[in-house]
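User: I'd like to learn how to read the core and the aromatic rings of a model. Can you walk me through one?

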Amino acid sequence: MRQHQLSISLYLNYFVHGIGLIILTQNMQALGQHWQTPLATVSYVISGIGIGRLLAYFILGSLSDHLGRKVFINLGMACYFTFFVGMAFVTNIQLAYGLAILAGIANSALDVGTYPTFIEMGGRQGSANVLLKAFMSAGEFLLPLLIANFEAQRIWYGWSFMLAAAILVVNAVLLNRQQFSVKNQTDQAVVVASKRQPKSRRYLATLGLAGYGYTSMALMILYTQWVSLFATTTFHFSSVLAHWLLSLYSIGSITGVLVIFWLLRRGVAESKLLLAMNGGSLLALALICYSPAVGLSMLAAFVFGFTAAGGVMQVGLNLFIKIYPHIKGRITGIYFTFGSIASFTIPLVTGWLSKQSVATAMRFDLVIAVSGLAFVALAVWAVHVPTTLSQERQRINHIDQQIVRLLNQRFDTVTAIGELKQEQQLPVLDQQREQRVLQQVAVKSTQTAHTPYLQAIYQAIMHNSRAYQTDLHKEEIDHD
């Protein structure tokens, strides 16, 4: 239950983060009037967010491994709170630029604290990282509607900033009541798998995934920046249809998040998802860039959103962290640093390419997609280490150590339960309770084929627990 409550607070932060990503662009005209500056100056201020990310990701990621995740999640919330409140009232452009840099630092602090936290919760919490994208998208979806309503009713633009700040205050209280997992806590099987990888392959996987950190972000930035203009100038689509290609991309993105989350919960390997999604996004993008057929372009836009922006970037991070499970924060910082470099460089490169034609700028995304698929293929090849019988048995030995330790804890608890049953004169056998345990095993099992065997194991455990309680009771009677 505590993990559930902590997860809600972490997701709520990313709803606010989604607001923070676009709140300056959505309020550009109001800010320009308030600062008495042209829109170009407001755009200059917005660029400070990218600078803040570049400055902070690697440093904060490394510190997160030493100081713990909670510190940096709180730091991110505090920086975002200062950004929202300050930006609502600031009049000095230099100070506004400083606040934008602070928002970039907030983004970095939240990422290096939150992504490792979900993995350290254990189980399949790596899949929970993918859902962060859904909450960001929710914030990005709702904020424009809120601002449009404010503008229609002539309400002060600053209330959009103050509302985000208020959510952070409430969430800070909720989050700091929760217990975080021990920092750098890692599944032993992941550690064993990481140690089995030769250093040369690990370095190649690092190169592949760091490169993918760049291309995955670049792919999305270039598409959202140029697709509408490309569709109208190259294929002469109507303005409504051209913008619809962006909306379909967003719908595909949300759908992709939910599907990838479900697949990860079902135990599908990150490597398979990365290859499939990047192959799919390349094909969809090729159709968008070269097919003038309206229906095909619309379908391809949805598929591209599904495969390129449906949380696959987070899947890449999960795989990266598995290679270096003892430095999750630093790896998160490195991965998103490359994404931040993409945020800074892609607009510059495509701006230069657009001087030749908009089509050239848009089709450059195909080069990025091919590069991304190559980086992913390199990483997947590098992390796949052929196994031997002795290696797999060693992995079983590590798993058995954990099972024995947990069974010892279970029998200690059985002792306490046996004593309570004796005090209350209750029978050792409680069939209803045992049936509920077996039902829970079926619910918790992630592989349907395993379920009957797991239930058989639990029946044996409960049988031996009853025998243990009975023996303890006999010993007490004999002692008396």
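Analyst: Start with one residue and its surroundings. The model is predicted.

User: Which residues have the most contacts inside the largest nonpolar core?

Analyst: They are Phe 84, Tyr 223 and Met 362, in a core of 122 residues. Helix H10, residues 199-234, gives the largest share of this core, with 13 residues.

User: How many disulfides are there?

Analyst: The count is zero. Cys 79 has 9% relative accessibility, so it counts as buried. Cys 289 is at 0% and therefore also buried.

User: How do I read a pair of aromatic rings?

Analyst: Use the distance of the centres and the angle of the planes. This structure holds 23 aromatic pairs. One of them joins Phe 235 and Phe 237: the centres are 5.8 Å apart, the planes 40° apart, and the pair is tilted.

User: Are Phe 235 and Phe 237 buried or exposed?

Analyst: Buried means under 20% relative accessible area. Phe 235 has 17%, so it is buried. Phe 237 has 8%, so it is buried too.

User: Which residues form one aromatic cluster?

Analyst: Tyr 80, Phe 83, Phe 84 and Phe 89 belong to it, together with Trp 156, Tyr 157, Trp 159 and Phe 161.

User: Where does the charged end of Arg 201 sit?

Analyst: Over the ring of Trp 381, 4.2 Å from the ring centre.

Key
Residues numbered from 1 in each chain as written. Predicted model: local features only at pLDDT ≥ 70, side-chain atom pairs only at ≥ 80, totals over all residues. Heavy atoms only, no water. Core = buried A, V, L, I, M, F, W, Y, C linked by side-chain atoms within 4.5 Å. Buried < 20%, exposed > 50% of the residue type's maximum accessible area, 1.4 Å probe, protein only. Helix = DSSP H or I, 4+ residues; strand = E, 2+ residues; numbered from the N terminus. Disulfide = S-S within 2.5 Å. Phe/Tyr/Trp six-rings, centres within 6.5 Å; stacked < 30°, edge-to-face > 60°. Lys NZ or Arg CZ within 6 Å of the ring centre and 35° of its normal.
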